[in-house]
Amino acid sequence: MSTGPLSKELFHASKKLMPGGVSSPVRSFASVGGEPFFVEKAKGPWIYDADGNSYIDYVMSYGPHILGHAHPEILAKVQKSLERGTSFGAPTGFELELAKLITDAVPSMDMIRFVNSGTEATMSAIRLARGYTDRNKIIKFDGHYHGHVDSLLVQAGSGVATLGIPGSPGIPKDVTKDTVSLPFNHLQAVKDAFQKDPKAYAAIIVEPVAGNMGVIPPKEGFLEGLRDLCDQYETLLIFDEVMTGFRVSRGGAQELYHVKPDLTCLGKIIGGGLPVGAYGGERKIMEKIAPVGHVYQAGTLSGNPIAMAAGIKMMKLLKEESLYQNLDYRAHYLTDELKKAAEDKGVPMTFNRVGSMMTAFFHEGPVENYDDVKKCDDRRFKKYFHAMMVQGIYIPPSPFEAWFISTVHTEEEFKTTIDAHKKALEDL
């Protein structure tokens, strides 16, 4: 199954009007070769291209479709909201309802501010941290991606890593001089940074589970160590849970690992797949934001009623008690079977998983940080990606991204995936 003629036609036409023919770099297939398919529709665990080909989807729009594509109850809620109008530039009760659902589920969040993307959420949280602490420097971690914010696009993961871009032209050095990027899971490096400059850091921002260089869980004690250091040096701890929030557990990674951040950034799932983001935290910090405080952040489409409506339905559906237990069981089964097949075929692979997020690394492992990720066999991944596509399995077109499993991936889809995986390994 190769890219069909209609997808090819659409892609070549798109390249004349959009850089690379896409609206986001990873979609171009630049890192794996070939040309992308163009999506016609998606339903449940399946995605369908313009030429009528179907694929079992493990991208799931990079995470938000935890209940599968086109969930009927979410679509119905969106349709009903659309009948009232698309945006108002004024408050709605939907914002209040969704704010309550989220803050009830995430104990570290007393207050929340809605924005339109994960990038806006991290950008705004950094500004708030600097305004609250009256400090400039921030610590991030190599391979972690927090959106295309100028000050955070340093040693970043996701598309930056995929395309081999160390930073980005267009960002003045002065903008990044206050960003310190350190190895993930290396607590001593963080301690050394604080000891060298104890009153410089406004915040540490971290993906509590790395997802943008592939899935890498935190080592035991790492997140707790960051919390202790932030307390000691009066620095804010920001969890970027754009990917992990409501994905690895209902309360996110902070619930899973029992570590409370000062600020949390959310996205993806809280809009049921529509464009949305949010950041929130303790009341005393959040009340520094305008119009209560002097840290300014705004957005005409923030709290868009369509996204809020979808998010409300999603949050209510995610309250089902057994949902995350069942997701973890499904993901555990799939990961184990893929791992066994690789061992049987003698192909060196490492499978990292947290909840319903997982990544298959072509590396004998362990894979614990960005340096480990960069040692993975990209050539094998490219061949593997296309071998899976030919068999109707769609995984992220990058070795630096997470796979996502939904509640509607069934044993039948898993069996097809495992069989395709075995065949792909033979083709290597």
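Strand 9 and strand 10 (residues 277–281) pair in the antiparallel sense over 4 bridges; strands and helices here are DSSP runs numbered from the N terminus, with at least two residues (E) for a strand and at least four (H or I) for a helix, and two strands pair if DSSP finds at least two bridges between them. This is a predicted model, in which local features need pLDDT of at least 70 and side-chain atom pairs count only at pLDDT 80 or more, while totals for chains, interfaces and linings use all residues. Residues are numbered from 1 along each chain as its sequence is written, and side-chain values use heavy atoms, with hydrogens and water left out.

**Confidence**

- The protein chain has a mean pLDDT (the predictor's confidence in each residue, from 0 to 100) of 94, and 96% of its residues reach 70 or more.
- Residues 161–166 fall below 50 in pLDDT, and this stretch has 12 contacts in the model beyond near neighbours in sequence; a contact means heavy atoms within 4.5 Å.
- A word of care: where pLDDT is low, the predicted coordinates should not be read in detail.

**Around strand 9**

- Tyrosine 279 in strand 10 is the bridge partner of cysteine 265.
- Strand 9 also runs parallel to strand 8 (residues 236–240), joined by 3 bridges, and threonine 264 in strand 9 is the bridge partner of phenylalanine 239.
- Strand 8, helix 9 (residues 252–257) and strand 9 make a right-handed β-α-β unit; right-handed means that, with the strands pointing away from the viewer, the path from the first strand over the helix to the second runs clockwise.
- Leu263 and Cys265 point one way from strand 9, Thr264 and Leu266 point the other way, and all are buried; buried means under 20% relative accessible area, exposed over 50% and partly exposed in between (1.4 Å probe, protein chains only).

- The 13 residues of helix 3 (residues 93–105) should span 18 Å at 1.5 Å a residue, and the end C-alpha atoms are 19 Å apart, which agrees; the expected span is 1.5 Å times one less than the number of residues.
- Buried residues of helix 3 are Phe94, Leu98, Ala99, Leu101, Ile102, Thr103 and Ala105, and their cover includes helix 2 (72–82), strand 4 (111–115), strand 9 (263–266) and helix 11 (305–317).
- Leaving out residues up to four places away in sequence, isoleucine 102 touches Met109, Ile112, Phe114, Phe246, Leu266, Ile270 and Met315.

- Strand 1 (residues 39–43) and strand 2 run antiparallel, joined by 4 bridges, and form a hairpin with 2 residues between them, where glycine 44 in the turn has a positive phi of about 60°.
- Strand 2 (residues 46–49) has Ile47 and Asp49 on a covered face and Trp46 and Tyr48 on an uncovered one.
- Strand 2 pairs with strand 3 (residues 54–57) in the antiparallel sense over 3 bridges.
- Tryptophan 46 is the bridge partner of lysine 43 and stands opposite isoleucine 56 in strand 3.
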